[in-house]
Amino acid sequence: MNEKSYTELMKIGAMKRQRKDNFVQDLYIDMLLSEIQLTVEKEKLQKKIDVAIDHRDRKNFQLLSKQLIEINKRFGT
C-alpha cells in the first residue's frame with residue numbers, strides 16, 4: 001500500500017496550489033505585456049496618422065489607418 005502521511009499530503013497540496021498560483025501570475029504578466037505592446041503600437045501609429053493629416057498626405061494616412069485597423073483586429077479591440 002502506498003499511503004502517505006498527513007504532512008506529505010499537505011506538502012503536495014501546497015505545491016499544487018503554488019504551481020497554480022504561478023501559472024495565474026504568469027498569465028497576468030503575459031496579459032499586461034500584451035496590453036503594453038498594443039498601447040505603444042497604437043500610440044505610434046496614431047502619432048504618424050496625425051502627422052499625415054497635418055501634411056495632408058492622404059496616401060500615407062490611408063496606409064497607416066489600415067495598419068491601425070489590423071492592430072485592433074489582432075488584439076480584439
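The tour starts with the overall view, then moves to a surface patch and ends at a loop.

**Whole chain.** Keep in mind that this is a predicted model. Show the C-alpha trace first: along its principal axes it spans about 80 × 15 × 10 Å. The radius of gyration is 24 Å, while a compact globule of 77 residues would come out near 11 Å. Colour by secondary structure and you'll get two helices and zero strands.

**The patch.** Next, select Phe-23, Val-24, Leu-27, Tyr-28 and Met-31. Together they make a nonpolar patch on the surface, with about 530 Å² of accessible area. Click on Leu-27, which sits in helix H1, residues 6–54. Is Leu-27 partly exposed or exposed? Its relative accessibility is 41%, so Leu-27 counts as partly exposed; the exposed class needs over 50%.

**The loop.** Now go to His-55, in the loop between H1 and helix H2 (58–74). His-55 counts as exposed because its relative accessibility is 61%. What does the side chain of His-55 reach? Show the backbone of Val-51 as well: the His-55 side chain reaches its oxygen at 2.9 Å.

Glu-43 and His-55 are 12 residues apart along the chain, and their C-alpha atoms are separated by 18 Å.

Methods:
Residues numbered from 1 in each chain as written. Predicted model: local features only at pLDDT ≥ 70, side-chain atom pairs only at ≥ 80, totals over all residues. Heavy atoms only, no water. Patch = residues over 30% accessible without salt bridge, like charges linked within 9 Å, V, L, I, M, F, W, Y side chains within 5 Å. Areas by Shrake-Rupley, 256 points an atom, 1.4 Å probe, with all protein chains shown as cover. Salt bridge = Lys/Arg side-chain N within 4 Å of Asp/Glu carboxyl O. Helix = DSSP H or I, 4+ residues; strand = E, 2+ residues; numbered from the N terminus. Buried < 20%, exposed > 50% of the residue type's maximum accessible area, 1.4 Å probe, protein only. Polar contact = N/O pair within 3.5 Å; in protein donor to acceptor, adjacent residues only side chain to side chain. Rg over C-alpha atoms; globule rule 2.2 N^0.38 Å.
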